[in-house]
Amino acid sequence: MSVLIRGVRLDGKNVDIYCEDDRITEIGSVSVEADHVIDGSDKAAIPGLVNTHTHAAMTLFRSHGNDLPLMTWLSEKIWPIEAHLNADDIYWGTRLACLEMIKTGTTAFNDMYYHVGATARAVDDSGIRGVISAVFFNMLDTGDIDAAIKGMTDQVNEIRSVGCDRAVPALGPHAPYTVSDEALGAIGDLSEKEDLLVHFHLAETEKEINDYKERTGEYLVPRMEEIGLLSPRMIAAHSVWVSPEDLDIMARNGVTASHCPISNMKLSVGRALPYPEMMARGIPVTLGTDGCASNNDLDMFETMKFAALLQKHATNDPTALPAHEALLMATRAGAAALSIDTGEIVVGRKADIVLIDLKRPEMVPGHDLVSNIVYSANGSCVNTTICDGQVLMMDRIVEGEAEVLQKAAEAANDLFCRE
Ligand SMILES: [Zn+2]
């Protein structure tokens with residue numbers, strides 16, 4: 001399978017981009033034939049966007065239980081219904097998430113949720129990339145760590161058994177307030193032994209930090225380092241309530257932050273990610289939407305804009321987090337965090353390419369393409385989405401879209417009647 005994009009805007013020039021199988025093999029003036037030729041005129045090419053914090057199947061909870069405090073929302077609105085989720089719900093909820101991501105230019109996501117085999121099948125059938133971690137809770141029970149680790153290993157094997165190389169297994173301990181330190185330490189060891197990414201919620205709220213101190217007598221982030229959970233394999237969602245000492249610890253352990261500005265603002269976590277302090281220490285910062293129940297969508301264009309605006313607002317400095325940095329966070333930094341060979345449109349990289357329609361009102365005039373992308377565009381300005389060399393959407397049409405919408409709506413209705 002080969003794809004040729006003719007005459008597309010890339011880094012200020014009009015070029016042809018040629019992809020052979022899953023790789024970008026030529027950029028410039030290309031004269032070879034291709035199986036699939038796309039007219040790139042009036043379109044700009046950017047790398048497929050990378051969403052580093054999702055609970056994909058939570059699309060089924062979209063707009064359920066809004067305008068509530070975090071713990072009330074989780075314990076009264078989300079957890080009671082989540083208890084009834086089955087693999088079929090997860091499959092269609094994830095298909096809906098993948099559909100929304102394809103339609104808004106995201107080609108890879110970092111997920112944490114239940115029934116990982118169903119998530120892997122949804123990734124396989126949708127055509128995008130997913131790093132899939134089994135969510136793990138033990139509600140601070142210190143018993144049977146071996147059984148917990150076996151449960152996680154079984155789920156890693158379940159993802160692998162789907163046989164899709166775009167579906168990558170990872171480990172997903174939920175948070176310091178739902179997983180015991182003993183289990184977290186064992187998960188850190190497993191991650192090192194099996195070279196698996198760890199997807200974790202860290203320092204989302206001030207209450208979480210204070211509760212941890214009260215319960216254990218220790219500071220959260222230093223303790224996570226001590227038990228061996230922190231490493232370059234760690235993607236720490238939120239990382240908002242971190243002190244300068246915590247930031248030094250994140251930096252020396254190579255931890256990546258997944259910043260979720262919309263979820264943080266919606267759930268009022270009470271302060272902004274300390275982005276300038278992270279930059280000063282070289283901590284990689286990527287972007288995530290969080291689940292659809294706390295966002296309520298998966299549009300990374302919106303997330304890039306909110307990330308930039310939140311920093312400007314919080315620091316009282318309009319030069320903070322400029323547009324080009326927001327775009328790099330959503331592309332190059334995200335791909336590096338997930339260890340996938342995408343995030344840049346250069347020869348040799350995997351062919352994850354998004355074409356933006358420059359004839360959309362939001363994109364006219366074209367004084368500054370990157371500023372238009374971050375501050376003006378939204379996901380519906382995406383015309384074409386290519387992942388792994390396969391055209392998943394062209395002229396905004398995704399194959400099988402109607403079925404996904406119908407089945408996901410049915411799954412959600414059925415789930416909410418099951419209580
Ligand atoms: Zn989350």
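Biologist: What makes the crossing of helix 3 and helix 4 right-handed?
Modeller: A crossing is right-handed if the near helix is turned clockwise from the far one by less than a right angle, and left-handed if anticlockwise. Helix 3 and helix 4 cross in the right-handed sense. This is a predicted model, where local features need pLDDT of at least 70, side-chain atom pairs count only at pLDDT 80 or more, and totals for chains, interfaces and linings use all residues. Residues are numbered from 1 along each chain as its sequence is written, and side-chain values use heavy atoms, with hydrogens and water left out.

Biologist: Why is helix 3 called roughly parallel to helix 4?
Modeller: Helix 3 (residues 116–126) packs on helix 4 at about 25°, with the axes 8 Å apart. Axes are lines fitted to C-alpha atoms, for helices over the stretch in contact, and angles run from 0 to 180 degrees between N-to-C directions. Under 35 degrees counts as roughly parallel, over 145 as roughly antiparallel, 65 to 115 as roughly perpendicular, and the rest as oblique. So helix 3 is roughly parallel to helix 4.

Biologist: Which residues make that contact?
Modeller: Val116, Gly117 and Ala120 of helix 3, with Gln155, Glu158 and Ile159 of helix 4. Contact means heavy atoms within 4.5 Å. Helices are DSSP runs of H or I, at least four residues, and strands are runs of E, at least two, numbered from the N terminus.

Biologist: Why are helix 4 and helix 5 called oblique?
Modeller: The axes of helix 4 (residues 145–161) and helix 5 (residues 181–194) cross at roughly 45° and come within 10 Å. That angle falls in the remaining class, so the pair is oblique. Helix 4 passes helix 5 in a right-handed crossing.

Biologist: What makes the zinc arrangement irregular?
Modeller: The donors are His53 (NE2), His55 (NE2), His201 (NE2) and Asp290 (OD), at 2.1 to 2.4 Å. Donors are N, O and S atoms within 2.8 Å of the metal (3.2 Å for Na, K and Ca); water is not among the atoms, so sites may look incomplete. Four donors are tetrahedral if all angles lie between 85 and 135 degrees; four are square planar and six octahedral if opposite donors are over 155 degrees apart and all others between 65 and 115; anything else is irregular. Here the angles run from 87 to 174°, so the arrangement is irregular.

Biologist: Why does Gly7 count as partly exposed?
Modeller: Buried means under 20% relative accessible area, exposed over 50%, partly exposed in between (1.4 Å probe, protein chains only). Gly7 has 29%, so Gly7 is partly exposed. Gly7 lies in strand 1 (residues 2–10). His53 and His55 are buried.
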